[in-house]
Amino acid sequence: SVKRWTSHSHEPSEREVLRSTALYHIKYNDSTDTTANALRDSLKNVPSDVRATLPKPYLLKKQIRSYRKKNNVAPSSVPTAAEIIIPERYTLNHAGRLFLQHDAVTPSGKRVLVFSTDVVLDYASNPVIDTLFV
């Protein structure tokens with residue numbers, strides 16, 4: 001049987017229009033604010049009954065991050081790897097001994113962190129252990 005398009009049509013509901021508009025503004029958000037703030041700003045004029053029909057906030061934030069990554073729109077407040085300062089309390093273990101053994105930034109801007117205890121480093125430097133992984 002052949003199906004035909006019917007002339008059936010109706011006006012979209014105001015709620016559906018508001019939902020579609022909100023999703024569009026969230027997905028294509030060019031804000032350079034943090035993801036959480038960009039989402040909050042996108043939703044501030046959306047009625048609560050429409051907000052209830054939207055996906056969970058973590059999924060909306062994921063859409064914002066995906067769009068930003070694809071279009072090189074980064075929040076202005078994101079520090080580079082070299083700018084992140086690790087507080088001293090995170091460089092020590094529970095006994096107060098050094099745990100962050102190495103902290104460097106590569107020429108390409110990637111951060112290299114090596115966390116270990118001296119005991120593990122001594123164990124890993126044992127020649128017997130070295131031959132086990134060859």
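**A tour around helix α2**

Start by selecting serine 42: this residue is buried, with a relative accessible area of 16%, which puts it below the 20% cut-off for that label. Keep in mind that you are looking at a predicted model. Ser42 sits in helix α2. Show its surroundings and, leaving aside residues up to four places away in sequence, you'll find it touching His25, Ile26 and Asn29.

Now widen the selection to the whole of α2, residues 35–43. Which residues of this helix are buried? Colour Thr35, Ala38, Leu39, Ser42 and Leu43. Look down the axis: these five cover an arc of only 125°, so they end up on the same side of α2. The spacing is worth a thought, because an α-helix has 3.6 residues a turn and residues three or four places apart point the same way.

What do the buried residues of α2 pack against? Bring up α1 (14–27), α3 (48–51) and α4 (57–71); those are their partners.

Next stop, Leu43. With residues up to four places away in sequence again left out, Leu43 touches Ile26, Arg51 and Leu54. Ile26 is also on the contact list of Ser42.

Finally, select the largest nonpolar core, 10 residues in total: Ala22, Ile26, Ala38, Leu39, Leu43, Val46, Val50, Leu54, Leu60 and Ile64. Colour them by helix and you'll see at least two coming from each of α1, α2 and α4. Which helix gives the most to this core? That's α2, with 3 residues. As a rule, nonpolar side chains in soluble globular proteins tend to be buried together.

Key:
Residues are numbered from 1 along each chain as its sequence is written. This is a predicted model: local features need pLDDT of at least 70, side-chain atom pairs count only at pLDDT 80 or more; totals for chains, interfaces and linings use all residues. Side-chain values use heavy atoms; hydrogens and water are left out. Buried means under 20% relative accessible area, exposed over 50%, partly exposed in between (1.4 Å probe, protein chains only). Helices (H or I, at least four residues) and strands (E, at least two) are DSSP runs, numbered from the N terminus. The arc is that of the directions from the helix axis to the C-beta atoms. Contact means heavy atoms within 4.5 Å. A nonpolar core is a set of buried Ala, Val, Leu, Ile, Met, Phe, Trp, Tyr and Cys residues joined through side-chain atoms within 4.5 Å.
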